[in-house]
Amino acid sequence: MLLLNLKVTHGLTNTCFTDILRLLANKILPKDNKLPHSHREVSSIMKDIGMEYKTYDACPNDHILYYGENANLQQCPVCHTNRYHQDQVSKKVPYKVLRHIPLKPRFERMFKCKELEKYMDYHAQGRSQDGVMRMVADSKYWKDIEEKWPHLRNEPRNARISLAMDGVNPFGDLRTTYSVWPVLIINNNLPPWMAMKKEHAMLTLIIPGKYQVKDMDVYMEPLIDELRELWDGVNMYDVSRPVNDRNFLFHAILIWTIHDAPGLSICCGLQTKGKHGCPSCGPKLLHRQSKDLNKTVYDEYRQFLPQNHRYRVRDKHKFNGKEVEMRKPIKMNPARWKAMYDKKEGTCFPLGMKRLSIFYKLEYYENLPIAHLLDTMHIGKNVAECLWKHLNGTNLEAQIKLRKDLRVANIMPNMWLHEDNSYVHAPWNFTSNEKENIISTMKNIRFPSGFGATLKNLFTRDGSEFSGLKTHDWHNWIKYVLPAAIPSTFDHDVTLTIYKLCKYLRWVSSKEIHQDELKYWKRNVSLLMCDIQMCFPPSFFNSQEHYLVHLVEEIEQCGPIHIRTMWLVERYMKVLKQFVRQKARPEGSIVEGYMVFQAMVHLSEYLPQLHIEAPRLWNYNQSQSFEGEKLKGEGTSKRIKDAKEWEALHLYVAYNSDFMLEWMEKYAEQKKLEDENAWTNIYNRYGENTNRGLPASHKRKWPDRCSWNWLKTNIENEETKGQDRVTQQQLNFIKGSINGEVRYYKRMWNFGHHYRIRKVDEKRQTYDCGVSTSFEVECRSHANDRQPITSTLRYYGVLEDIIELDFMSFKKVVFRVEWYKLIEVGEEKTILLHNNGFHMINTSRFEATSEPYVFPSQCDQIFLIPNLEQPGWSFVIDYDPRGRRVTFVPDVEDHDLLEDAEVPPEEIDGQDGDDVIVNDAYDQDEDHDEFTEVSEGHDQPHGHQVHEDDEFIDFNLPVVEGGEDYESDGINLFVDLGSINDGVFLPSDEEISCEDDIF
């Protein structure tokens, strides 16, 4: 098994694997060894443990499958083509072979594995209770299924599965001359971070290629029969339950299918292009056949607005001058498609339908609310490509056709083609200077490691065009790069519309769906599409762009999209192509390699030594030291000579660690009691209406944080008295790090983010030193305000040092960050919220503070997009790392549990053992003199500057040009951080109008 694991891990061929077996058996091991001598013998052993598949011959013209009642036929009854090649005399060689890997044995193995079985009812245990949708089980669709079929809810181990399929060229090129169709089954019972992994995506069919499949339903028959059997129920044995409760009746239901647009047309018989190219709208969709553009355009979105909306009649001049009375199309589902088909009585297929899918043989299929999901992956990519094409401008011939179509559509009369074939510059096209500005911005962007391709490497030699972007890069471009790179001289209305579109796509791809944001976009997505309709020509509106209007409804029904998109399928195609060893039989190579891969996935749970001798293929319980933190390199030991810096570092650990919580509370109680006594003395002497504050001597006596000497003295006194309340962990902490030394590192992985210190990061093309965090602060209207407002503020900085403290019994990792100065008010403000939804900060000014420390678990990574029009200013971009786990944690604040991302291979500049210089002192902020000092004797750390006697204003409100001032009562860094969602600013219903900017 260890050798087989090596074969799968390193992709050894069957011949190479056989030679290794023979070498070990004949030359190295004793003569009486039991080692198999060939790969064929190993395959026979695998069949004994249930790793086998079935094959069915097929008609070369895709008319029938020799399966069931046709199993014994020698010719196709439709085209009379022979089943086997006639030139093969010695053995029967079929023309086409379908390979089917049954589902039932794999579910049986899953329930026999304790590591997997405990996740089969995760959907019932891990559902969100706060109204936020984080997985499919939180969606309305899931609840509707359980209401229709209660037996699925009564037994949480019953599976809700998805079917995904896509065509792939097994030889690695982009030609379509040979296309194999793998069919995958995704188990939605598992947590999202497991269900979308290649180890758990169950390959069930390999539909042969070489020629375009004419009828996909022919090859789906074995799978449909198996799904019907699983729906009726099969007996399963669960090893994790008590002995008398291990046998149960297992059911599985297919809840939806996942395809791209061509796959949906081929596999399900629905039109995805042409006059009725929207499977959600059906035949009721307004469309127009453009002769000049030679395509069907979907350029009318007023039908999705409320019936009394002014865009329909009163403001028709802003569109094509025609009134729109047609209502929003009723969303199509399997029952409505079937009713339309039955109404035709088989004479012809209804509009938008090419055939009745084989899925209707499933008795529950017609009752599913949604049967086919929109392909958000390719929708975002195609929208981004189309948008860049229109912004960049087209050639002269295309421009003439576009302007002629504007006249035919009776829209944008000032953009029509003149009699001499001349035309004015379109507002949706960049000028040459604007194009140079956006290209310069894109060339200066540095992405974090693993975020995406470096854009400056994708431009042509003359720098005028860029190409080679993959789908993931197009998504990053339209969600983050484009809204930050649009020049300010570009047309205002088009710019705002692009901002809205980019913000919408960022929300669509978010992993947490909040109900207020969902309601907002459900109400305004049709307005967004109308804005795009007014700003861009009809050539922009293909079927893929039209699908944008349906994404909100699908998210409302089915939950976040990241757990049900084509990303898994496309990535899985790469895995399957790696199994191809014999190009003459690619389908056989794929299925043989897959069976070996699945065998090792299954056996790795019973042979834990596999991941010791060779890399283990999958592991849920990976060791995560420091709560998911992985330091890279050996680091450099150094003693901190500055006593104040050493004290500040250890106090930060004390204030943010659970084992020191009781001592921090004890200090707070003493301080509160002393403050109350001090206020009582003031009121007795000057009256309750006095404006006097606490004397400076009292503030010096009771600072906002306890001193190291106070903490050390009290703990040692308790230990001397023999009190049990002092733990060994607290004693080790008071002694400080071993020998007074700490270890400095240059880089580390933390919950999917790759961090580097600035000194190393400046030499690289990536940007891994950006840090963002949130602090809970008390904001006061004036210095003596006794009713402060607690608020959460966001701060940004640059990573300077990664410090590891060793306290013998435990270790702690701390970041030392240089924070940007954040001033939101006044003429010297350094942060504002731009109309594109991103914060823009002045990166040339830093905050002087004696409290620069923060835990890695309290940080998020950011990167900056420079604003070339305002030197020294940059847009701050927050992003989610790939593989981030989003779960609901009851009874506590919501936390994002992140999965350790796989560390990509890369070269590291320099050695991790180099010395890192630590500053011994920090400059004090000179600008504090003109503002009210809230707490004397205490440095106000990287906070917003405040003005006296002004009211509090929430930092997260979209203040673009100035705003009200407020005051913060000394931002206390020694508090636990709360996570902030990158949400959408939602105005109230009264503030929303059709022409208002939604950001």
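Which side chains meet in a salt bridge at 2.8 Å, N to O? They are those of Glu 155 and Arg 157. Both residues are buried.

Step back to the whole chain. The model is a predicted one. The chain has 999 residues, and 55% of them are buried. It holds 29 helices and 25 strands. Take the contacts with a separation of 6 or more: residues 24 or more positions apart account for 69% of them. The accessible surface comes to about 45,900 Å². Carbon and sulfur atoms hold 47% of that surface.

Salt bridges number 35 in total. One of them joins Glu 553 to Lys 328, with the closest N and O atoms 2.2 Å apart. Glu 553 sits in helix H20 (residues 551–558), while Lys 328 sits in the loop between strand S10 (295–297) and helix H12 (334–344), so the bridge ties together parts that are 225 residues apart in sequence. Glu 553 counts as buried, at 16% relative accessibility. Lys 328 is partly exposed, at 41%.

Another bridge links Arg 310 and Asp 315, where the closest N and O atoms are 3.0 Å apart. Arg 310 counts as partly exposed because its relative accessibility is 22%. Asp 315 is buried, with a relative accessible area of 10%.

Now turn to the surface. Leu 23, Ile 28 and Leu 29 form a nonpolar patch there, with about 270 Å² of accessible area together. Leu 23 lies in helix H2 (residues 14–28). At 48% relative accessibility, Leu 23 counts as partly exposed.

Terms used
Residues are numbered from 1 along each chain as its sequence is written. This is a predicted model: local features need pLDDT of at least 70, side-chain atom pairs count only at pLDDT 80 or more; totals for chains, interfaces and linings use all residues. Side-chain values use heavy atoms; hydrogens and water are left out. Patches are made of residues with over 30% relative accessible area and no salt bridge: like charges are joined within 9 Å, nonpolar side chains (Val, Leu, Ile, Met, Phe, Trp, Tyr) within 5 Å. Accessible areas come from the Shrake-Rupley method with a 1.4 Å probe; for residues, only the protein chains shown count as cover. A salt bridge is a side-chain nitrogen of Lys or Arg within 4 Å of a carboxyl oxygen of Asp or Glu. Helices (H or I, at least four residues) and strands (E, at least two) are DSSP runs, numbered from the N terminus. Buried means under 20% relative accessible area, exposed over 50%, partly exposed in between (1.4 Å probe, protein chains only). Contact means heavy atoms within 4.5 Å.
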